Amino acid sequence: MPIARGYAATDASSPLKPFTFERREPNDDDVVIDIKFAGICHSDIHTVRNEWKNAVYPIVPGHEIAGIVTAVGSNVTKFKVGDRVGVGCFVDSCVGCAARDVDNEQYMPGLVQTYNSVEADGKTATQGGYSDMIVVKEGYVLSIPDNLPLDASAPLLCAGITLYSPLAHWNAGPGKKVAIVGMGGLGHMGVKIGSAMGADITVLSQSLSKKEDGLKLGAKEYYATSDASTFEKLAGTFDLILCTVSAEIDWNAYLGLLKVNGTMVLLGVPENAIPVHAFSVIPARRSLAGSMIGSIKETQEMLDFCGKHNIVSEIETINISQVNEAYERVLKSDVRYRFVIDIASLAA
Ligand code: NAP
Ligand code: ZN
């Protein structure tokens, strides 16, 4: 079995530390990938700190993976050695289903997450991208467009698709007023992708400290949610609100910003439940919805869209030894706008 090196969490409260582990043996359908870069998603932090109460340690996090193919199995037709590829949040989907549902696979009960899950063999723990190599079935590997740099493309594999999918599903485009709540890793991708789709994007952030960036990335307007007048000014304004906030906020206040028939989509996952009043949705036939990443098919579509529009993430590259410090900075919203680990630093 191939030996991988990486960083792992061994419990909910200790820092991540160096960890060596076995990957599964590659078979005829697999692609072996030399990982070059891994983005740090807020979900990595929720998971390793067991905020979602599903952690099985040790956990090597990382589901925004960009790298280079080093070997392919004999049945592999889409990839060859040397290709620039990505791996996102899952490495198998319809395990146990009669057929793969290519449009909704991220919602299938047989989903195998890239880490903190069990491989289709039913026994090997999956481990993520804060490591030097990974073995993934061909059908779950994505092609990264040639014109996009590998490091800044890594966050497209989760943050990018998580915003692209609801923007596409709820028809963001010319004439649609869309609010993005939270200008973090997910949020800034929503600004870039949504404006490239032609939608009229407004950012709702806690303060105006990132306003200049938000406007530069494509937002038409930018408001501070700490200013109560924002909620009066923008009442009944938006067709679509995408909420990327990872903390407990008053969803009722945000629902009031929707037009008649508008939809607010939850993307961020706060640790605790938040009450919603029926009158927040009833008087304007509003919808409160959720969305999770995207299928492999849609993720490739998103990557091709980003290639066409030259969209990548705004990143701060770090060495892997800085990962614990980076987590603290994500928690303080002190990142412009995604940390990406340079996996070459593992060898240092
Ligand atoms: P992030 O970079 O930390 O961004 C979250 C943003 O939320 C922050 O930048 C901040 O924006 C805002 N925020 C943070 N605390 C807040 C508070 N107390 N009140 C109001 N706003 C606050 O995290 P991320 O990686 O983008 O992930 C965001 C959430 O999405 C996480 O919960 C993550 O687990 C989840 N997620 C979901 C999916 C999915 O498929 N649905 C996929 C990936 C991640 P401002 O500074 O602009 O206010
Ligand atoms: Zn993620």
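The questions and answers below go through the ligand sites and a few residues of this predicted model.

Q: Why is Cys-41 called buried?
A: A residue counts as buried when its relative accessible area is under 20%, and Cys-41 has a relative accessible area of 3%, so Cys-41 is buried.

Q: What makes Cys-158 count as buried?
A: The relative accessibility of Cys-158 is 5%; because buried means under 20%, Cys-158 counts as buried.

Q: Why does the pair Cys-41 and Cys-158 tie together parts that are apart in sequence?
A: Cys-41 sits in the loop between strand E3 (30-39) and H1, while Cys-158 sits in the loop between helix H2 (150-153) and helix H3 (159-169), so the parts that the pair ties together are 117 residues apart in sequence.

Q: How do you know that Ser-43 makes a polar contact with ligand 1?
A: A polar contact is a pair of N or O atoms within 3.5 Å, and an N or O atom in the side chain of Ser-43 is 2.8 Å from an oxygen atom of ligand 1, which means that the pair meets the cut-off. By the cut-off of 3.5 Å, a polar backbone atom of Val-269, 3.0 Å from an oxygen atom of ligand 1, also qualifies, as does a backbone N or O atom of Ser-291, which lies 2.9 Å from a nitrogen atom of ligand 1. Taken alone, ligand 1 exposes 910 Å², and the protein buries 89% of that area.

Q: Which parts of the protein supply the shell around ligand 1?
A: Helix H1 (42-48) and helix H4 (185-196) each supply at least two residues, and the largest share, three residues, comes from H1. The shell also draws at least three residues from each of domain 1 (3-158 + 313-347) and domain 2 (159-290), and its residues divide into 13 nonpolar, 14 polar and two charged.

Q: Why is Thr-124 counted as buried, and where does Thr-124 lie?
A: Thr-124 has 17% relative accessibility, which is under the cut-off of 20%, and therefore counts as buried. Thr-124 lies in the loop between strand E7 (112-113) and strand E8 (133-137), and its side chain makes a polar contact of 2.5 Å with the side chain of Asp-121.

Notes. Residues numbered from 1 in each chain as written. Chains lettered and ligands numbered in written order. Predicted model: local features only at pLDDT ≥ 70, side-chain atom pairs only at ≥ 80, totals over all residues. Heavy atoms only, no water. Polar contact = N/O pair within 3.5 Å; in protein donor to acceptor, adjacent residues only side chain to side chain. Areas by Shrake-Rupley, 256 points an atom, 1.4 Å probe, with all protein chains shown as cover. Helix = DSSP H or I, 4+ residues; strand = E, 2+ residues; numbered from the N terminus. Nonpolar A, V, L, I, M, F, W, Y, C, P; charged D, E, K, R; others polar. Domains from an automatic or database assignment. Buried < 20%, exposed > 50% of the residue type's maximum accessible area, 1.4 Å probe, protein only.
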